[in-house]
Amino acid sequence: MSQAVANANGRPEKVEEPTLRFDPVNARRYTSADYFRQEWQRMWMRTWQIGGVSYQATEPGDYLVTELGAESILLVRQDDGSMKGFFNVCPHRGTRVVAGEEGSAGRFTCPYHGWQFDHAGVVVTAPNANDFPQGNPCGHLRMKPVQVEELFGFIWFNMDLEAPSLTECLGPNVVEEIGSYRMEKMVRVLNMSTRADSNWKIITDNFNEAYHVQVLHPELIPYIESQAEICQFDLLRGGHNRGWFPAHQPSMLYQGEAVPEPLASMVREWDIDPAQWQGKDRLEELRLEVQKQKRRLGTERGFAHYEHLKDYQLTDFIIYNLFPNSVITVGPDGVQLLRPRPHESDPQKCYFDHWWLVPEIAGRAMTPSPAGGPDLPVADAEHEFVEYGTKTLGTTTDQDLSIAAIQQKGLASAGMDDFYLSHQERRVQRFHEVLNDYVEGTPPVRSV
Amino acid sequence: MTERIPAVRRKRLLPAADVPINGNLAVRMGEHCLLVCNADGRYHVVENRCSHQESPLEGGRIRRGHLSCPRHGVRFNLSTGEPLGALTRVPIRTYPVEIVDGFVTVDISDAGATSSGG
């Protein structure tokens, strides 16, 4: 299905893209309560979601609780090491069984009438258990199960028990490429959430195109390329997509001759003298020199994970937009999850999560923060909820969220017609076509 | 939290080494039901009673300085006693701790009580 267009070490393999239908994309899907309900039933209830990090639950009975829309999902480590997941709902009268975000329990106890559940979600004791005309609930009533899989060091769930497996939905390219970063060996050093005044898709759309970067994120110009002429965007089967952004070289928009900051500091760390790399032609070769130096010095400096990465992965950033909302941005020294989640009831609001995972490197107790501000300790971070505007979520994230609210307002206007999308925004187009497939009842079954 | 406790108010509980990393042990001292917690090497002493439904907190999992109630899962910040989640807003009492000669010692007097404790 796919054909290589360049040295496999130089960039991701170009794949044959699905044909676009050019379905109109209009504002209703961002504002309508009816659409919001349909989207929930037909798409959210049927797609794979990241529930947490596998190391949050290592021992039998360890659990974590994750929220999606109005649902709360309980994920539990089993005695045999596997994970199971349930709707966090007592089958007696609907109370949420577990309150905390994570913990460990021999049995789960509903705080209302004291029904107890085992790790498989089955009722094992209930006060006055023989008082039920329908029969004793013990041994047969249970918290309703969801599908659970572990991949990339994450615990994933799908509320649809009939949905194809996660690896089937993601396809072999995505599984292998993201897998090469060995995220299961990383530690989550940033775990922030906020509320945003926009529909979740406004944030997803934003990650599905790089057209805005030159305007909204000019601070990236010195060290990341985002111009479509050079970057590579791939529509993948199943509604996923990939964007490749060569980095450790200035963008073609950069006007200077000298190596700009922060790139100069970044290359000095790899024993490269920026003064030797002046001028347009030399600047274009700098990225390859960084790859060479990382290959030469990486292992002895403790960057053991480099041995699993291809040359381009040593310098470049690749964004994987996994349908519908899991945005995984990989770089040579860490991985971000940038994820909008739907609001429980309001189509014009959503939540946004920002995780940053890094490999542990001998001798390095601190790591630069993608959220700006001081370096972060290389240690498992506590979940922090931040009211937007009271604290930075990261420079680029703040910039993106500043647009989300005003775009939401504009989309609710009678003055807005269908989107008018460029070719380089085709990942946005494709995303909405796959969303249409779900909402209309014909979701994609297989991936490539 | 480990701090200086005036010697006159210091009560010796148990050897610090008896409490494994991210483990906890219940100790009774007069009317005080205490839980000695080791959060990644930092010692805390809190009341061994959940502010939600008064279950003992002993055996609760400790991660990142928070203790989870083994019964319904309320998480408490061991430094402040403050709960997370929807079940309760009432903090648990925390006690000043000092490690002296390898022993966990606490101040259980009212003078040592946290203002939020109760």
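This is a predicted model: local features need pLDDT of at least 70, side-chain atom pairs count only at pLDDT 80 or more; totals for chains, interfaces and linings use all residues.
Start by selecting strand E7 (residues 116-117) of chain A together with E8(A): these two strands run antiparallel and are joined by 2 bridges, where helices (H or I, at least four residues) and strands (E, at least two) are DSSP runs numbered from the N terminus, and where two strands pair if DSSP finds at least two bridges between them. Within this pair, A:Gln116 stands opposite A:Thr125 in E8(A).

Residues are numbered from 1 along each chain as its sequence is written, and chains are lettered from A and ligands numbered from 1 in the order in which they are written.

**The two domains of chain A**

Next, colour chain A by domain: domain 1 covers 28-45 + 173-439 and domain 2 covers 49-158, with bounds that come from an automatic or database domain assignment. The centres of domain 1 and domain 2 of chain A, taken over C-alpha atoms, are separated by 33 Å. Their contact takes 15 residues from domain 1 of chain A and 9 residues from domain 2 of chain A, two residues being in contact if their C-beta atoms, placed from the backbone, lie within 7 Å. To see the side of domain 1 of chain A that touches domain 2 of chain A, select helix H4 (172-179), strand E11 (186-196) and strand E16 (334-342) of chain A, each of which supplies at least two of its residues. The largest share of that side, 3 residues, comes from E16(A). Sorted by class, the residues on the side of domain 1 of chain A that touches domain 2 of chain A are 7 nonpolar, 4 polar and 4 charged; here Ala, Val, Leu, Ile, Met, Phe, Trp, Tyr, Cys and Pro count as nonpolar, Asp, Glu, Lys and Arg as charged, and the others, Gly among them, as polar.

**A helix pair in chain A**

Now select helix H5 (residues 200-207) and helix H9 (residues 395-411) of chain A, which pack at an angle of about 130° with their axes 10 Å apart. The axes are lines fitted to C-alpha atoms, for helices over the stretch in contact, and angles run from 0 to 180 degrees between N-to-C directions. H5(A) and H9(A) are therefore oblique to each other, given that angles under 35 degrees count as roughly parallel, over 145 as roughly antiparallel, 65 to 115 as roughly perpendicular and the rest as oblique. The contact of H5(A) with H9(A) divides into 3 nonpolar, 3 polar and 1 charged residues.

**Two cis prolines**

Move to A:Pro262, in the loop between strand E13 (241-245) and helix H7 (263-268) of chain A, where a cis peptide bond joins A:Glu261 and A:Pro262 with omega about 5°. Then go to A:Pro324, in the loop between strand E14 (317-322) and strand E15 (326-331) of chain A; the peptide bond from A:Phe323 to A:Pro324 is cis, with omega near 0°.

**Across to chain B**

Show both chains: 12 residues of chain A are in contact with 15 residues of chain B. On the chain A side, strand E5 (residues 102-104) of chain A gives the largest share, 3 residues.

Finally, select the open sheet of 3 strands in chain B, which has the order E1-E11-E10 and antiparallel pairing. Strand E1 (10-15) and strand E10 (97-100) of chain B stand at the edges, each with a single partner strand, so one side of each is left without a neighbour in the sheet. The bridge partner of B:Ile99 in E11(B) is B:Val104.
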